[in-house]
Amino acid sequence: MKNKIVLAGGTGFLGITLANYFKDKAREIVILGRSSKFPSFENVRFVKWDGKTVRAWKEELEGADALINLAGKSVDCRYTEKNKAEIFASRLDSTHALGLAVQSCQKPPLCWLNAASATIYRHAEDHPMDEITGEIGSGFSVEVCRAWEKTFNEMATPSTRKVILRIAIVLGKGGGAMHPLKNLVRLGLGGTQGSGKQRFSWLHEKDFVQIVDFLINNESATGFYNCAAPHATTNSFLMSSLRKTMKMPLGLPAPRFLLEIGAALIQTETELILKSRWVVPTRLQEAGYQFQFSEIEKALEELVAKR
Ligand SMILES: NC(=O)c1ccc[n+]([C@@H]2O[C@H](COP(=O)([O-])OP(=O)(O)OC[C@H]3O[C@@H](n4cnc5c(N)ncnc54)[C@H](OP(=O)(O)O)[C@@H]3O)[C@@H](O)[C@H]2O)c1
């Protein structure tokens, strides 16, 4: 049994998924969030912070087994200058403030896991990207990832082990990408998007929480880890598997030009769908992590089932 786990930016999809997983494995879970209305539940206690300045919330880090930082404005928006600035600031400021808070602790957290993204790698249709030979991409979202990791790496925390989670798209029942994908299929619009050849690196939510647990417990784990299922699928296979699982016989395809119009209408970016993300979890597998969901069909069956 752990003593305390702190989830900074833990009010969102991944934070609540982690809180539900760890609430039976730790005496106390503390969530740091900006709203004053978020409810505490069971042994999950909510504490207000602003995500950028070190205040009284820093006391919550004392004696924690793990600090997990998930704070960041959603990238599911139009990349206007204002949104771009918020996407950067929400990640860099929160990471910096947490670093200062860890440095000020009498009894700092044993480990600090910072969210990052597998989108740091380049658009890849030719071969998969792992932590050793994977090539870093370019463009706005990659620049965010680089600056996010740099800020984290620059915070010296001699008594706190540091791990970067390069997370692929997490598929879960409680939020994230599954809701819009299922809605498209329900509306008969769940066909191939763009060429359909672009790779889709994904991770089942049950593997996400177990990977976090594994990395907390593995005292030799440091540096960055690709958090993605071993077998990336393609967009066309993802969509056909989801249609099959949801028993939807047809799904209209969406060519690139239609996606550009649709993305502008619903205020998002096509990069989220069209970038070919082909990422493999070499370091996790070498460390002995066993994936529960390696194949997309099995993952979708579990996620669509009404249990
Ligand atoms: N879900 C995925 O598939 C995925 C994949 C790769 C990487 N990631 C990264 O993992 C992290 C967590 O993902 P998620 O899906 O749980 O995201 P989410 O549901 O959007 O939650 C992120 C949390 O960040 C906090 N936040 C937003 N703007 C902030 C700001 N300006 N300052 C401080 N905190 C702010 C919010 O908490 P409050 O509003 O309560 O403060 C929110 O609950 C994100 O950084 C995301 O980029 C997620």
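Residues are numbered from 1 along each chain as its sequence is written, and side-chain values rest on heavy atoms, with hydrogens and water left out. Because the model is predicted, local features require pLDDT of at least 70 and side-chain atom pairs pLDDT 80 or more, whereas totals for chains, interfaces and linings use all residues.

The ligand is surrounded by 20 residues, of which Thr11, Leu14, Arg34, Arg91 and Val170 are the closest; a residue is counted as near when one of its heavy atoms lies within 4 Å of the molecule. At least two residues of this shell come from each of helix 1 (13-22), helix 2, strand 5 (111-117) and strand 7 (169-171). Helices (H or I, at least four residues) and strands (E, at least two) are DSSP runs numbered from the N terminus. The shell comprises eleven nonpolar, six polar and three charged residues; Ala, Val, Leu, Ile, Met, Phe, Trp, Tyr, Cys and Pro count as nonpolar, Asp, Glu, Lys and Arg as charged, and the others, Gly among them, as polar.

In threonine 11, a side-chain N or O atom is 2.6 Å from a ligand oxygen, and in arginine 34 a polar side-chain atom lies 2.7 Å from a ligand oxygen. Valine 170 contributes through its backbone, with an N or O atom 2.9 Å from an oxygen of the ligand. Taken alone, the ligand exposes 880 Å², and the protein buries 79% of that (Shrake-Rupley method, 1.4 Å probe).

Serine 94 is located in helix 2, which spans residues 81-104. Serine 94 counts as buried because its relative accessibility is 1%; the term buried denotes under 20% relative accessible area, exposed over 50%, and partly exposed the range in between, with a 1.4 Å probe and protein chains only. Apart from neighbours within four places in sequence, serine 94 is in contact (heavy atoms within 4.5 Å) with Trp49, Gly51, Asn69, Ala71 and Ala89.

Glycine 63 occupies the loop between strand 3 (44-48) and strand 4 (66-69). This glycine is buried, with a relative accessible area of 19%. Not counting residues up to four places away in sequence, glycine 63 touches Asn3 and Lys107. Its C-alpha atom is separated by 8.4 Å from that of cysteine 105, 42 residues apart along the chain.

In helix 6 (residues 235-245), the buried residues are Asn235, Leu238, Met239, Ser241, Leu242, Arg243 and Thr245. Their cover includes helix 4 (178-186), strand 8 (199-200), strand 11 (233-234), helix 8 (271-274) and helix 10 (296-304). Lysine 247 follows helix 6 and has a positive phi, near 55°. Threonine 192, in the loop between helix 4 and strand 8, touches Asn235, Ser236, Arg243, Pro253 and Ala254 when residues up to four places away in sequence are not counted.

The structure holds zero disulfides, a disulfide being a pair of cysteine sulfur atoms within 2.5 Å. For cysteine 77, the closest cysteine sulfur, in cysteine 145, is 14 Å away and therefore too far for a bond. Cysteine 77 is buried at 8% relative accessibility, and cysteine 227 is buried at 1%.

Definitions and conventions:
A polar contact is a pair of N or O atoms within 3.5 Å; within protein, one must be able to donate a hydrogen and the other to accept it, and residues adjacent in sequence count only if both atoms are side-chain atoms.
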